[in-house]
Amino acid sequence: KEYRKDLEEGMKGKGMTVFEDTPDLIRVKNAAQILNERQYKKDLETEIKGKGMEVGPDTPEIRRAKKASEIASMKEYKKDLENEIKGKGMEVGTDTLDIKRAKKASEIVSQKEYKKDLESEIIGKGIQVGPYTPEIQQVKKASEIASQKIYKDEAEKMLCNYSAVPDTPEMERIRSTQKNISSV
């Protein structure tokens, strides 16, 4: 820049003109530009790549930009879906017949997979599964015993709260009537 400034002041002031488009000047400009590009690439390799920084399609900035582009694309898709399908009165929801059928098929497949795993993992290894295994019967019996014990304990507690009623003349008459009816 200083050379050029001196050239302009020195030459133009003395009546000389500067020809900027001469072949030598064009060649010098092209050579300087090429040299600048090479210097730039050299600096890129030493300064950026040499310090462990990545320059390519897998940098975080590029991944973030791709993700943003995908999100924008999905938003555009949803917007088009709403405009094109829902706007024309077509039904898109979770209660359509096709979606219900697909859910039911998925549940059936899931149940089949579960039963297949049950057969291969448990029954296939000789383990008995069902209501008649000794372990299950034992648990049922223990549960019944515990239930009867709780019932009896509660009945005993209730008996403590009540007392026997002495027989009244009416009660004796009712009993004798019942015996007579029963014998007839």
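Colleague: Is arginine 27 buried or exposed?
Modeller: This is a predicted model, and the values are computed from it. Exposed means over 50% relative accessible area. Arginine 27 has 53% relative accessibility, so the residue counts as exposed.

Colleague: Which side chain does arginine 27 meet in a salt bridge?
Modeller: Side chains of opposite charge can pair when their charged atoms come close. A salt bridge needs a nitrogen of Lys or Arg within 4 Å of a carboxyl oxygen of Asp or Glu. Here the N to O distance is 2.5 Å. The partner of arginine 27 is aspartate 24.

Colleague: Where do aspartate 24 and arginine 27 lie?
Modeller: They are three residues apart, about one turn of the helix. Aspartate 24 is partly exposed, at 49% relative accessibility. Both residues lie in helix α2, residues 23-48.

Colleague: How many salt bridges does the count come to?
Modeller: One joins aspartate 24 and arginine 27. Another joins the side chains of aspartate 153 and lysine 149, at 3.6 Å, N to O. The count comes to two.

Colleague: What separates aspartate 153 and lysine 149 along helix α5?
Modeller: Helix α5 covers residues 134-161. Aspartate 153 is partly exposed, with a relative accessible area of 33%, and lysine 149 is exposed, at 51%. The two are four residues apart in this helix, so the separation is about one helical turn.

Colleague: Which residues form the negative surface patch?
Modeller: Patch members need over 30% relative accessible area and no salt bridge. Glutamate 8 has 35% and is partly exposed. Glutamate 8 is found in helix α1, residues 2-12. The patch is formed by Glu2, Asp6, Glu8 and Glu9.

Colleague: How many residues of α6 are buried?
Modeller: Helix α6 runs over residues 169-183 and has 15 residues. From first C-alpha to last it reaches 21 Å, close to the 21 Å expected. Buried means under 20% relative accessible area. The helix lies largely in the open, because the number of its residues that are buried is zero.

Colleague: How many helices and strands are there in the protein chain?
Modeller: From the N terminus on, the elements run α-α-α-α-α-α. That gives six helices and zero strands.

Colleague: What share of the residues in the protein chain is buried?
Modeller: The accessible surface of the chain comes to about 17,700 Å². Carbon and sulfur atoms account for 57% of that surface. The chain has 184 residues, and the buried share is 2%.

Methods: Residues numbered from 1 in each chain as written. Predicted model: local features only at pLDDT ≥ 70, side-chain atom pairs only at ≥ 80, totals over all residues. Heavy atoms only, no water. Patch = residues over 30% accessible without salt bridge, like charges linked within 9 Å, V, L, I, M, F, W, Y side chains within 5 Å. Areas by Shrake-Rupley, 256 points an atom, 1.4 Å probe, with all protein chains shown as cover. Lys, Arg positive; Asp, Glu negative; His and termini not counted. Charge placed at Lys NZ, Arg CZ, Asp CG, Glu CD. Buried < 20%, exposed > 50% of the residue type's maximum accessible area, 1.4 Å probe, protein only. Expected span 1.5 Å × (residues − 1).
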